[in-house]
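This report concerns strand pairing and backbone angles in the structure shown below.

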Amino acid sequence: MRRRDLLGTVGAAVGTALAGCVGNDGPDPATGDGSGDGDSGGSDGTDTPTTPSVTDRSLTEIEECPAQGSASVSWGETAVTITGCITGRNGCSVPVLGGAEYDAEADELAVTVTTEEEDSGGACTQALTDLGYEATVTFAGGLPTSVVVTHETMGESTTAADATR
């Protein structure tokens, strides 16, 4: 008989302990109601703000080189495009996307453009070279309010653009 009392007490304690794990314990912060579904997407017609997120990033070398050491920023529907000019150490230098990071708290995209040396078999001009580029950062869920572009080349780091839309 004592086993039954013990099992009954243990069963009630376990059931109480698990009740918070499987039950609805109040309004869901994502929906504001007691549905507990956690779906912040608006299938019920409500719009919930979304945070932009980077889905793709790329950089292409272009022939034209705007003003040396500068960059310009433009916002499209789903992407931010940066067109700029970075200085390379020699004729084998190519522009490279060093990074493209979105800071949700600041609502800012930080883009770093750097240079690398391409292997050309040893025939490079030994003079500083202006390198044009176009970088594209694609987003889902909106676009950032501000963009900061940094050029890192020949041991130096400079701000090439600081734009706000």
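D107 is located in the loop that links β4 (93-103) to β5 (108-117); strands here are DSSP runs of E of at least two residues, numbered from the N terminus. The model is predicted: local features need pLDDT of at least 70, side-chain atom pairs count only at pLDDT 80 or more, and totals for chains, interfaces and linings use all residues. Residues are numbered from 1 along each chain as its sequence is written, and side-chain values use heavy atoms, with hydrogens and water left out.

**Positive phi angles**

Most residues other than glycine have a negative phi. D107, which is not a glycine, has a positive phi of about 55 degrees. M154 is another non-glycine residue with a positive phi, and it lies in the loop between β7 (146-153) and β8 (156-164).

| Residue | Phi | Loop |
|---|---|---|
| D107 | about 55 degrees | β4 to β5 |

**The open sheet**

An open sheet is built from four strands in the order β1-β6-β3-β2, with antiparallel pairing; two strands pair if DSSP finds at least two bridges between them. β1 (53-62) and β2 (71-75) are the edge strands, each pairing on one side only. Within this sheet, β3 (residues 79-88) and β6 (residues 129-140) run antiparallel and are joined by ten bridges. T81 has T136 in β6 as its bridge partner.
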